Amino acid sequence: MTSLLDGARDKQPFRDLDSVYDLMIEYTDFPKPGMAFVDIFPILRNPTATEAVIQRFCDHLESLNVDAIVGLDARGFLLGPPVALRLGVQFLPIRKKGKTPGECFQVTYEKEYGPDTMEIQKGLIKPGARVVIMDDVLATGGTAAAAEKLVKLSGGIIVQNAFLLEGKILQGANLLEAPVFSLFQI
């Protein structure tokens, strides 16, 4: 299997982030034979790299006049809060089924590993709020598409989907209604 990371390195949109890109590690045949997994955690273990990622997201998103960053369970919870804090907006979680108290909107969807259900508390997103959906990776798009549905059910307006890494070959962005911003693409 050809390395996804090596083959895409010279095609990255933000060449000043090459040293951050180089921190990612690719694992073949994980989580299943024939699949590739890109580990973004080496970026998060490096404070300088994490700062560069958070700052780049903020630089891009500050002109969109957002009201909230919605992070997807679980890695969106790592990127979303520092971005929301810097932008001076709310961080709101979309969680896996059964993890959120109170009355919730729920959406069931297909992931690359099988069906899953996400939920958000009713009333968490104010009607008309301008929202950015944030997660670590955009692969097949199922999770982000479910998040878009939840934001709409809540009355929010999705102005952007933001990801650290986008698997362009999987065309997950085609399932999404709002524009996609990704720092890295493979």
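Student: How many Å should helix α6 span, and how far apart are its end C-alpha atoms?

Tutor: Start with the terms: helices (H or I, at least four residues) and strands (E, at least two) are DSSP runs numbered from the N terminus. The expected span of a helix is 1.5 Å times one less than its number of residues. For α6, residues 142-153, the 12 residues should span 16 Å, and the end C-alpha atoms lie 17 Å apart, which agrees. This is a predicted model, where local features need pLDDT of at least 70 and side-chain atom pairs count only at pLDDT 80 or more, while totals for chains, interfaces and linings use all residues. Residues are numbered from 1 along each chain as its sequence is written, and side-chain values use heavy atoms, leaving out hydrogens and water.

Student: How many of the residues of α6 are buried?

Tutor: Buried means under 20% relative accessible area, exposed over 50%, and partly exposed in between (1.4 Å probe, protein chains only). In α6, 9 of the 12 residues are buried, so this helix is largely enclosed by the rest of the structure. Among them are Gly142, Thr143, Glu148 and Val151.

Student: What covers the buried residues of α6?

Tutor: We use contact here, meaning heavy atoms within 4.5 Å. The cover includes strands β3 (68-72), β4 (90-96), β5 (104-111), β6 (114-121), β7 and β8. After α6 comes Gly155, with a positive phi near 90 degrees.

Student: Which residues have the most contacts inside the largest nonpolar core?

Tutor: In soluble globular proteins, nonpolar side chains tend to be buried together. A nonpolar core is a set of buried Ala, Val, Leu, Ile, Met, Phe, Trp, Tyr and Cys residues joined through side-chain atoms within 4.5 Å. The largest one here has 32 residues, and Met24, Ile69 and Phe184 have the most contacts inside it. Helix α4 gives the most to this core, with 6 residues. A second, separate core of 20 residues includes Phe105, Met118, Val131 and Ala147.

Student: What does Phe184 touch, leaving aside its neighbours within four places in sequence?

Tutor: Its contacts include Leu17, Val20, Tyr21, Met24, Ile43 and Leu164.

Student: What percentage of the 186 residues in the protein chain is buried?

Tutor: Buried residues make up 48% of them.
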